[in-house]
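User: Hi, I'd like to go through a structure with you, starting with some strands and then moving on to other parts. Could you keep the answers plain?

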Amino acid sequence: MEAKQPLCFHKIKMRGKSMSEEYVLELQHIRKEYPGVIALKDVSLSVKRGEILALIGENGAGKSTLIKTCSGAVIPTSGKIVVNGKEFSSMTPQLAQENGIAIIYQEFNNVAELSVAENLFLGRPIRRGILVDKAAMEREAEKAFQQLNIKINPKTPMKNLTVGYQQMVEIAKAIEQDAKILIMDEPSAPLTSAEVESMFAVVNLLRKKGVAIIYISHRLEEIFRLSDRIVVLRDGEYIKTLTTPESTVDELIHLMVGRELTESYPARKECIQYDEVILELKNVCGNGNQDINLSVHKGEILGLGGLIGAGRTELAQMIFGSVQKESGQILFKGKEVSPKDPRQAIDMGIALVPEDRKRHGAMLGISIKNNINMPIYPKISKLSVIRSKQEMETSQKYKNELDIRTPSLHQLVKNLSGGNQQKVILARWLAANSELVIFDEPTRGIDVGAKYEIYKLMNDLVENHGKTILLISSEMEELMGMSDRIVVLAEGRITGELKKEAFNPDTIMAYASLSKEEPSA
Amino acid sequence: MKSKVIYQIKDKAIWVVFVALFIGFSIANKRFLDPHNLITVLRQVSMYGIASIGMTFVILIAGIDLSTGSIITIVNIVCAYLMVHLEMNMGAAVVLSLVLATIIGLVNGAMVSSIGIPALIATFATQIVVEGAAYLLCGGTPVFGFDERFKVIGQGYLGPIPIPVIIMIACFALGSFILNKTYFGRYFYAVGGNEEAARLSGIRVRRVKYMVYALSGFFAGLAGIVLLSRTNSGQPTAGRGYEFDVITCVVLGGVSVSGGYGKFSNVIAGVMIIGILGNGMVLMNISSYTQMIVKGFILAAAVGFDCLQKKRQVT
């Protein structure tokens, strides 16, 4: 929680123009303390005109806190923010804007019902007298988009744009407000790969125009494609600044996690029991899917590949009972089942680790202990009174087993890092004794080190706990690294299946891009 | 360590407010500290306290129940009607009235969860319908002439303590038990905190909502019985406006209007504050219209405080 924010800022003094020519934004020795925690310890960075500076670090490394000091959302305990030679001890949102700093967060500030042009001039509309001059705004918007080489009709309602275009509007808005320093927090996270390409084009264009850009991302390959220099943070500390062409992925990972990752995917013992089919789908239709035929063996990790929107999450929803299938059969452990709601699926032994951890997975305002026990409360209660000893023991057991890092089981889940939140959800399904666990994008938004841990846990589930896993992943490497077999979906149909020996990104992509007109052989 | 202490103080802030008000009124008016007066305050708040149990559950799951006052009214009229006009046995009349109150709650639950009507509108509609029904049943005139023994519920004493206060304490104990010791309590927090995540972890959200609105109806009904016994006459306006005070008690007690957070230990403080505030203002000859203004501001301030805290957490 943010401490009380002082209402005023303190402008310390004006400096000479010696260094300021070069660096448009400098953060000097920024320190931020919260009660009991030091979030940032003496962090410095600087960015030049026309430069893309990548800011990387694991979740909880302090990236977001650091950039929030630039917008005034976080007031540093000590340190200086120097913008174009002007020194500040802290910022305010107005001050940031006046000094040409714009931040693009993952959630956009737009009004869905208004047009693109109106959104672009939200809060400062072009007026003629007391009336809003729509035509002028549309003209100006058109001009702004032309400058950025993007094609958006300013009259379109915002809600009709894809996430990618909405982001473009955000960038255009920043430029329209004359931003000289653009800070982007995980801009590629919500985008499809085609959208990422167009975003890169815009960002590169801005660099050419002399805008200084700070780019935060988990995806190292993006960092290498885009950035000029890289700043690494770890545990709130500044680690190193690197020149991008002279650094390597291994080096970055090493600096971020502070240890070597020998290989990104842990090895797994062979433990598939081919004679035992745990889940079988026969001609399952519904929720956008058609004629899905699929079987999963006990002890197997079956990967579901495909593009976003191919129907994988929708298929998982039908198996988990959160959406009803329209026709076809689902056989679980040889018996036909049709779970009417998640409760029924859970009782049968099916679990889902959902894609959107914060909205659908963890209950953030509730303790770790209660989160873990949530599905099994009726079982550990007598006449609906909870056996509190058993409740505590269960959560303690899985906290140890999964190495959930927390001082107390009473800690609220929102105070945990992404990786630990994911472990809490996993602990919940272990406690519920689920036999089939569906992982939907299990490592999205989780940092490199924690990802590896999640992979190890998945292996442990199949090796030592006799579980079976259905893995939905849009990360090609993860999908190939973790699966025993991959089934690819496209437009709600299965378009291909690959055995481990045949894994090949090109083949998977080819299957994923098949459309209805050309069903697979 | 330091943050833990701050948290503790913040958590108990409402009790600090209570103590401050208590001292304030003690200084402002000598009669306030009179034991008779304090007992009267307790007896007055017991109806709020009883009804606040159900309301706490409802607000915990991010709902609201505006039908509380009208349920108190209908229970007043129906119970009186059964005893006077149908000459029914006292116990049977009370049980039947409570069943009716619970059924009205279930109807609220059905509208909110099975149909999906926003709780504010659904329970608002119930309020009007039920109040109209109460008028129809009694023809707009009070119903009275009960068995002498009926008075005990609302007017009796156990030693120095009024029976309604004992009923209230028992209700708070029952409410705390449901909330903290049974898994239904865990479900309420989960549904209020994140309904979709709750559903995906196996909670049957619809059932939880039925249950919570039914409990709210039941506790409102119980408050209605106590009120009927206190006034010894079934009034067609008996419960009017009660929902306002009850919601204020609960929100003042720190139960978050956006759901998922709150506890009874503080709701009790909320109830006490509303009690001494009403009594204190009467003792100081503050008109009931001025009291309305004060209470309105208090509700807005309590919710505002909750919202501001939420806002701060976001940044």
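User: To start, in which sense do strand β14 and strand β17 of chain A pair, and over how many bridges?

Analyst: Keep in mind throughout that this is a predicted model. In it, strand β14 of chain A, residues 273-286, pairs with strand β17 of chain A, residues 327-332, in the antiparallel sense, and the pairing runs over five bridges.

User: OK, and which residue of β17(A) stands opposite A:Leu281?

Analyst: That is A:Ile330, which stands opposite A:Leu281. A:Ile330 also stands opposite A:Val337 in β18(A), and β18(A), residues 335-337, runs antiparallel to β17(A), joined to it by three bridges.

User: How many residues lie between β17(A) and β18(A) in the hairpin?

Analyst: There are two residues between these strands of the hairpin, and A:Lys333 in the turn has a positive phi of about 55°.

User: Switching to the six-stranded sheet in chain A, what's the strand order?

Analyst: The order is β19-β22-β23-β16-β24-β25, in an open sheet with mixed pairing. The edge strands, each of which pairs on one side only, are β19 (350-353) and β25 (493-499) of chain A, and from one strand to the next the twist averages 20°.

User: How many bridges join β24(A) to β25(A), and which way do they run?

Analyst: Six bridges join β24(A), residues 485-490, to β25(A), and the two strands run antiparallel. As one pair to look for, A:Ile486 has A:Leu498 in β25(A) as its bridge partner.

User: Which strands of the sheet does helix α15 of chain A touch?

Analyst: Helix α15 of chain A, residues 448-464, packs on the sheet by touching β16 (301-305), β22 (436-440) and β23 (468-472) of chain A, and its direction makes about 150° with that of β23(A). Helix α17 of chain A, residues 505-512, lies across β16, β24 and β25 of chain A, running at about 30° to β24(A).

User: And where's α14(A) relative to α15(A), in terms of how their axes come together and cross?

Analyst: The axes of α14(A), residues 418-431, and α15(A) come within 9 Å and cross at roughly 15°. That angle makes α14(A) roughly parallel to α15(A), and the crossing of these helices is right-handed.

User: Which residues meet there?

Analyst: From α14(A), the residues A:Gly418, A:Gly419, A:Gln422 and A:Leu426 meet A:Ala450, A:Glu453, A:Ile454 and A:Leu457 in α15(A). Sorted by class, this contact has four nonpolar, three polar and one charged residues.

User: Now chain B. How many helices and strands does it have?

Analyst: The secondary structure of chain B comes to 14 helices and four strands. Chain B has a radius of gyration of 20 Å, close to the 20 Å that the globule rule gives for 315 residues, so it is as compact as a globular protein of that length. Along its principal axes, the C-alpha trace of chain B spans about 60 × 55 × 35 Å.

Notes:
Residues numbered from 1 in each chain as written. Chains lettered and ligands numbered in written order. Predicted model: local features only at pLDDT ≥ 70, side-chain atom pairs only at ≥ 80, totals over all residues. Pairing = 2+ DSSP bridges. Axes fitted to C-alpha atoms, helices over the stretch in contact; angles between N-to-C directions. Contact = placed C-beta atoms within 7 Å. Parallel < 35°, antiparallel > 145°, perpendicular 65-115°, else oblique. Left-handed = near helix turned anticlockwise from the far one by under 90°. Nonpolar A, V, L, I, M, F, W, Y, C, P; charged D, E, K, R; others polar. Rg over C-alpha atoms; globule rule 2.2 N^0.38 Å.
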